[in-house]
Amino acid sequence: MSLSLKDQLIAAGLVKRDAAKPKPAPLPSGTVVGGYQIVKKLAAGGFGVVYLAEGENQHLVAIKEYLPSSLAERAPGELTPRVKPDKQPLYRLGLKSFFEE
């Protein structure tokens, strides 16, 4: 059985299990992502946010955003997360794994 990305990062000492760092702000309601409008945040965890979004003809979908709280920051109202230069390699590795899930 393979470890999740989060468990791999914790095992490597790159992420603390119970990091007290505040979570990045979710995207604001009304934000358009790939033709879908964010209705609301459904859930958030250490590695991302899940949103309820609406497309054409009131078609509802869930959108999952890679937004690891240990690597990225985003203030309320901002759209683009900030990743410090020294965290970029690990962020990119996690993003690659996120898309491969």
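1. In this predicted model, Arg74 and Glu65 are both buried. These two residues form a salt bridge with each other, in which the closest N and O atoms are 2.9 Å apart.

2. In helix H2, Glu100 and Lys96 are separated by about one helical turn, because they are four residues apart. Glu100 forms a salt bridge with Lys96, and the closest N and O atoms are 2.7 Å apart. With a relative accessible area of 56%, Glu100 lies over the 50% cut-off and so counts as exposed.

3. The structure holds three aromatic pairs. In one of them, the rings of Tyr66 and Tyr91 have their centres 5.1 Å apart and their planes at 50°, which is why the pair is described as tilted. This pair links distant parts of the chain, since Tyr66 is in strand E4 and Tyr91 is in helix H2 (residues 88-100), 25 residues apart. Both Tyr66 and Tyr91 are buried.

4. The rings of Phe98 and Phe99 have their centres 5.8 Å apart, and because their planes stand at 85°, the pair is edge-to-face. Phe98 is buried, with a relative accessible area of 17%, whereas Phe99 counts as exposed at 64% relative accessibility. Along with Tyr66 and Tyr91, Phe98 and Phe99 form one aromatic cluster.

5. Strand E4 (residues 60-66) pairs with strand E3 (residues 48-54) in the antiparallel sense, over seven bridges. Ala53 has Val61 in E4 as its bridge partner. The two strands, E3 and E4, form a hairpin with five residues between them, and in the turn Asn57 has a positive phi of about 60°.

6. Finally, Thr31 is found in the loop between helix H1 (5-11) and strand E1 (32-33). Its relative accessible area is 13%, so Thr31 is buried. A polar atom of the Thr31 side chain lies 2.7 Å from the backbone oxygen of Pro28. Leaving aside neighbours within four places in sequence, Thr31 is in contact with Tyr36, Gln37, Ile38 and Leu79.

Notes
Residues numbered from 1 in each chain as written. Predicted model: local features only at pLDDT ≥ 70, side-chain atom pairs only at ≥ 80, totals over all residues. Heavy atoms only, no water. Buried < 20%, exposed > 50% of the residue type's maximum accessible area, 1.4 Å probe, protein only. Polar contact = N/O pair within 3.5 Å; in protein donor to acceptor, adjacent residues only side chain to side chain. Contact = heavy atoms within 4.5 Å. Pairing = 2+ DSSP bridges. Phe/Tyr/Trp six-rings, centres within 6.5 Å; stacked < 30°, edge-to-face > 60°. Salt bridge = Lys/Arg side-chain N within 4 Å of Asp/Glu carboxyl O.
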